[in-house]
Amino acid sequence: MGTGKFQDAETMVGAVRASGAQIVTVALRRVGRNPREDDMLGSLGELKGITLMPNTSGARNASEAIRAARLGRELCGSPFVKVEIHPNPHHLMPDPIETFEAATVLAAEGFVVMPYMPADPVLAKRLEDVGCASLMPLGSAIGSGRGLATAEMLRLILRDARIPVIVDAGLRSPSEAAAALEMGCDAVLVNSAVAASGDPIAMAAAFARAVGAGRDAHRAGLMPQGGGAALATSPLTAFLSVEGA
């Protein structure tokens, strides 16, 4: 779960608790001791059983992301890093070339690298090959609320991935999170959908239930999709052919 956009730290902590999230990501640019109210590490320190994952949001190239990741490890003591590089502030699309370069260096240095990336199956295999711990393809643009616009590309990534796939960005509703899990994704990462909702804590709890339902549905196996014709669940043939009827 992301930690940006919340109205205050108390709401953010409550939402994280309600979500049941196992990993929480925080932008390194928000880590600080002054002013106190913007000290994300202090607020997140109240949570137990949570893995803290610094992210490199704000980095415009591989060099900046690598420097931020190293700083994050010093500040947080966490080997996890979400590599996030988006040089264009207008669309915030992840840069595939700079992301690959940063992921290659950081994985070699022993970081647990989780790259935010375009929904590109070719890039996904390249990132997997250099040692990334997971793949984090976007569902749609950051903060757009346009859901799983990349669903077809996500299916291609899922078909070939040997590491966890986490949909990151663009989700707006719990039903979209359930759809991602039904598809076979291992998790989702949400922030705006919760923080910008009318009741962030209630919305976080709704996402938690949706993720559980989607995962259970995937494990149970969805029924095959039929063609254009309807198929009756209770055939009437035998009933209509009863002699004398």
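Predicted model: local features only at pLDDT ≥ 70, side-chain atom pairs only at ≥ 80, totals over all residues.
Lysine 82 is buried, at 5% relative accessibility, where buried means under 20% relative accessible area, exposed over 50%, and partly exposed in between (1.4 Å probe, protein chains only). The side chain of lysine 82 forms a salt bridge with that of glutamate 84, at 3.1 Å from N to O; the term requires a side-chain nitrogen of Lys or Arg within 4 Å of a carboxyl oxygen of Asp or Glu. Glutamate 84 is likewise buried, at 7%.

Residues are numbered from 1 along each chain as its sequence is written, and side-chain values use heavy atoms, with hydrogens and water left out.

The count of salt bridges comes to 9. In one of them, glutamate 64 meets arginine 60 at 2.6 Å, N to O. Here glutamate 64 is buried, at 17%, whereas arginine 60 is exposed, at 51%. Salt bridges also link Lys125, Glu128, Asp129 and Arg162 in a network.

I turn now to the nonpolar core, a set of buried Ala, Val, Leu, Ile, Met, Phe, Trp, Tyr and Cys residues joined through side-chain atoms within 4.5 Å. The largest has 55 residues, and those touching the most other members are Leu106, Val113, Leu135, Leu148, Val167, Val188 and Val194. A separate core of 5 residues includes Met53, Met114, Ile166 and Leu189. In soluble globular proteins, nonpolar side chains tend to be buried together.
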